[in-house]
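Dear colleague,

I am passing on a structure for you to look through, with some notes on what was found in it. Please open it first and keep it beside you while you read the rest of this email.

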Amino acid sequence: MMLTCKEASRLVSQGLDRKLGFGQRVALRVHLAICDGCTNFRNQVAFLRRAVKQLDSKNS
Amino acid sequence: MSEFRARVEGERAYLLRYAALQLRDTAAAEDAVQETLLAALAGEAGFAGRSNLRTWLTGILKHKIVDAIRRMSRESPLPAEEELDALFDATGHWIEAPRAWPDPDASLTQKQFFAVLEDCLAKLPAKTSQAFMMREHMGFETTDICKELAVTPTHCWVLLHRARLALRLCLEMNWFGNK
């Protein structure tokens, strides 16, 4: 199954909120291997998670 | 006024900002903070021995915020589901693909970064921002967020995904793009 960026970004996001199925994980890995935009998106939402966790301690 | 009471009152402004950021409703935020301060004063013994008053108060406030979100969800219907189509072309490719952010974690030491992040959060629709903060800041499981917001799991994931797409775009425009 070939994912579009729209589908891949959705799976990247869902992967932070639930366990993806095996087929979804494989399809996503294949897509990320060839797609810089979605790889950057994945790194950025992981960064967002780190940043938002620190929101109250850093911003008083 | 007792010393404890004065110290608790001193945290009111901070707690209000914290609650307003997550609830996006000034009146609801004020109510949540008021309930928190009352609970704190009634429960002074619970604080005894803890080192950080703000952390303790914020812990109480988080429960009040969840209560408020639960009440608001019951009262307000879901906004119509917008599409994220604007970010992708007809074949599902990014119209403008995310570019790499050089050393993003260096921003985590900068106060100004968190002010920008707060502004970006404030631009999200209320329910989107509530779902995102419950997940990423408070660390709720998605199933619990769906329950509190009274939405289906699929809708919950859409809210979270939409929040992430919008926030990364906002940070790129207002922070990382300018560096």
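A residue is called buried if 20 or more other C-beta atoms lie within 10 Å of its own, exposed if 12 or fewer do, and partly exposed in between, with the C-beta atoms placed from the backbone. This is a predicted model, in which local features need pLDDT of at least 70 and side-chain atom pairs count only at pLDDT 80 or more, while totals for chains, interfaces and linings use all residues. Residues are numbered from 1 along each chain as its sequence is written, and chains are lettered from A and ligands numbered from 1 in the order in which they are written.

Let me begin with one helix of chain B. Helices (H or I, at least four residues) and strands (E, at least two) are DSSP runs, numbered from the N terminus. Eleven of the twelve residues of α7(B) are buried, so this helix is largely enclosed by the rest of the structure; among the buried ones are B:F132, B:M133 and B:R135. From its first C-alpha to its last, α7(B) reaches 15 Å, close to the 16 Å expected at 1.5 Å a residue, where the expected span is 1.5 Å times one less than the number of residues. Just after α7(B), B:G139 takes a positive phi of about 75°.

Counting two residues as in contact if their C-beta atoms, placed from the backbone, lie within 7 Å, the contact takes 29 residues from chain B and 28 residues from chain A.

Chain B is itself divided into domain 1 (3-75) and domain 2 (85-178), with bounds that come from an automatic or database domain assignment. The centres of these domains, taken over C-alpha atoms, are separated by 25 Å, and their contact takes nine residues from domain 1 and ten residues from domain 2. On the domain 1 side, α5(B) gives the most, with six residues.

Finally, a word on confidence: pLDDT is the predictor's confidence in each residue, from 0 to 100. Chain A averages a pLDDT of 91, and 92% of its residues score at least 70. Among the elements of chain A, helix α4 (residues 55-58) has the lowest mean pLDDT (66), whereas helix α3 (residues 36-53) has the highest (96).

With best wishes
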